[in-house]
Amino acid sequence: MKAIRRFTVRPVLPEPLGPLSDLARNLRWSWHTETRELFRCVDPEGWQAVGGDPVRLLGNVSATRMAELAKDRRFLRRLTAAADDLDDYLHGRRWYQSHGGDGGPDAAAFPAAIAYFSPEFGVTAALPQYSGGLGILAGDHLKAASDLGVPLIGVGLLYRHGYFRQSLSRDGWQQEHYPVLDPNELPVSLLREADGAPARVSLALPGGRSLHAHIWVAQVGRVPLLMLDSDIEENGPGARDVTDRLYGGGSEHRLLQEMLLGIGGVRAVRAYCRLTGHPAPEVFHTNEGHAGFLGLERIRELGEASEHGGSGLGFDAALEAVRAGTVFTTHTPVPAGIDRFDRDLVARHFAEGAELPGVPVDRVLQLGMETYPGGEPGLFNMAVMGLRLAQRANGVSELHGAVSRSMFAGLWPGFDAAEVPITSVTNGVHAPTWVAPEVFRLGARQIGAARAEDALTVGGSGRWDSVGDIPDADIWELRRSLREQLVHEVRDRLRASWRQRGAGSAELGWIDGVLDPDVLTIGFARRVPSYKRLTLMLRDRERLTELLLHPTQPIQIVVAGKAHPADDGGKRLVRELVRFADDPKVRHRIVFLPDYGMAMAKKLYPGCDVWLNNPLRPLEACGTSGMKAALNGSLNLSVLDGWWDEWYEPDFGWAIPTADGASTDEDRRDELEAAALYSLIEERVAPRFYDRGNGGLPDRWIEMVRRTLTTLGPKVLAGRMVREYVERLYAPAAQAHRSMDATSAQELAAWKSRVRSAWRQVAVDHVEAVDQDAAAGAAATAGLGSTLTLRVRAALGELRPDDVEVQVVAGRVDSDDAIRDARTFPLKPASGPDLEGRWVYEGPLALDRTGPFGYTVRILPSHRLIPVGAELGLVAVPSEAAGEGAGGVLLR
């Protein structure tokens, strides 16, 4: 019989065990080994049964066992130490307080708080609110911010079904399951008003309907994560389902999710700060375009009543105020990965009587319009809106930054892609989460636990060099131990998977021989879109089989990954891999593990000797799985894409050659790159693993492990990533936010309107150059070290010199006269205006590089409140006549 109502009975802890509740409710336990070990001691078998979830554990432990622990002095001493350690972690001074808060040297620059919005957060398997890399990255961002003491507030949605659980049918087809999550059984608590009622946010929907949501709070160390939940009684059936599952439903369902995340998320932040006294955010960080509507809600706030006092701002001024304090991070390298909605659907939800009264619907639509060549005017683009609502934007690796600048260059017409104002902050991973305890203990044995923890969290520490002093035998013993643990983990998971597929115990004896702790182990685990090429390794099955079964240098491969429920193409790739791995000839050497998630990953990364990544370059924005493997001493074998393109060195890994020429079709490309992969494994990777030195150890392999840890270790940390966000994006955004009071916002909006209206009159009328050393005029050659004096006649129309900057852009030129490695130099007004309203600008140009050299001149808008001249997307350059005879010089 089924229950007609479900509720959670919470345990009543004996008074001496009270701190267990606080320890369980703060997700720091998910990356703090000592706290997890404390909970394991409560009930070792129960801990295993609940998958290492302290909240569920405490709900299952018997009263008798609790009474025993309440009298166990040794346990109580450990409990007190853990509680004191958490208190010190939560309230002590950390990196941010030493640099930006409480009188630190950067106190005037660092923001009082930052709100970080993301559609998914992968903090721990006990809170399954993630699907893949974006969510794991967001979770690592929160954890690293907590370790550094950054005053972040995370904002997301609470999905009642989370992301799907994956199993396999008998013939290897992916099957999805959506278990229902009860928030009362999760490590979260309901945000409540002073009278005890649940805090609530509401959105207006078309037709007089409303969407309400409660706010659940997960405490991620020092960082609160607010998650909005629409599954409440005040909503009708359709509205209750808005937060049913991650990336589910049709177009309007996704739009409502993103409106709730962005608009409702800002309202949730306001409620949280009001109820807890947390400082109000000065910076809002949009992690991908899903939360882009947060900027519209902030425009509405400023329109109603300026946060700086006085009457509300108009739309244009409010837009400038919002942009100043907003950071937008894009994670996709392809337009197809961006959420786009039908304009009419968006218009209906922001029309009169729906959401955001007072914000003109036509202005909302303009923010998402694809007003560039090749854009589709009937679609509303969330990434385009995100870029237009943020003064600062970034990609997530250097290569992805370049790809993003090219992909969105149409928003800044007239500028080379290199000048598009999108920078990059390369992703990192939270080492305390992903480093195996055995790896941490080996480092702690070398330099001490406190110093090892600091090296893993803050980053930038020379203490990583201490790995060089660890004996080879200790490193190799650790690597074998981790590989052996993985072997046992794989066998357990494989046996469970086959039972789900309908196999009986009598036919599964072969699983006891799957994998070998002494064989080179390669890992491949990620989502399964086509560009990640799950089945590239199967391109030549005969050759792969030879590598797996090599008589002296065999390899073994562990594969995991989920295809999106609606992606039948991805599911076919999974089935293809599964069917190959089911072959009795090779099934002891290659396995596919279903239901890839954080719990599996934490075993997989440390246990693999090599981490394989073979996406279609440059479609991997960053790809952090290889970073997690590297932190455990695994070597990377990867296409030069994402972070690997940036940091690859032959001392600690291998680069798979790519065949990405424009003339190479996709099938041929896969064939060439698969052949290169097989050759690398056969000729370089496997021989190095099995090559033993005089002491019986693979000396050269161990040296590569050592170089991976010392060289890559400090770079791939989420602590390094968050410090870069703080110093390069959050601090400038906070300063811009403070500068943008109501008067400044109105001034800037009026100035932009005036400049845009007058820009058609701006022109470069004439350019001339004089070689000061040779009086050669615009000679075809000039000597290194000489100086040209440039004189430019510019028409400014109704604008004044204070409104613009006249620049010379100079550098080496290619065969098409395109300027490469360009540098810019400002010119100063020398006279004007003349009777025709033209101004003369002058300045020197030093010829400091040999070879083909050229320059041009341009005029850009300039204002103290815009960080880059490209912000408005306006530029005036010489016509051919204006620049005739004044272009390139060839330096001797």
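In this predicted model, helix 18, which spans residues 437-447, has V439, L442, A444 and I447 as its buried residues. An α-helix has 3.6 residues a turn, so residues three or four places apart point the same way. The cover over the buried residues of helix 18 includes helix 19 (449-457), helix 20 (472-500) and helix 24 (625-631).

Of these neighbours, helix 19 can be followed in detail. Just after helix 18 comes G448, which takes a positive phi of about 100°. Helix 18 and helix 19 pack with their axes 7 Å apart and at an angle of about 120°; because angles of 65 to 115 degrees count as roughly perpendicular and those over 145 as roughly antiparallel, the two helices are described as oblique to each other. The crossing in which helix 18 passes helix 19 is right-handed. In the contact between them, F440, G443, A444 and I447 of helix 18 meet A449, R451, A452, E453 and L456 of helix 19, and A444 and I447 are also among the buried residues of helix 18.

We turn now to strand 13, made of residues 392-395, which is covered on both faces. In a regular strand the side chains alternate between the two faces of the sheet. Here R392 and N394 lie on one side, A393 and G395 lie on the other, and all of them are buried. Strand 13 pairs in the parallel sense with strand 10 (residues 326-329) over three bridges, and N394 is the bridge partner of T329. Strand 13 also pairs in the parallel sense with strand 14 (residues 423-424), over two bridges, where G395 stands opposite S424. Together with helix 16 (residues 398-407), strand 13 and strand 14 make a right-handed β-α-β unit.

Methods
Residues numbered from 1 in each chain as written. Predicted model: local features only at pLDDT ≥ 70, side-chain atom pairs only at ≥ 80, totals over all residues. Heavy atoms only, no water. Buried < 20%, exposed > 50% of the residue type's maximum accessible area, 1.4 Å probe, protein only. Helix = DSSP H or I, 4+ residues; strand = E, 2+ residues; numbered from the N terminus. Contact = heavy atoms within 4.5 Å. Pairing = 2+ DSSP bridges. Right-handed = clockwise from strand over helix to strand, strands pointing away. Axes fitted to C-alpha atoms, helices over the stretch in contact; angles between N-to-C directions. Parallel < 35°, antiparallel > 145°, perpendicular 65-115°, else oblique. Left-handed = near helix turned anticlockwise from the far one by under 90°.
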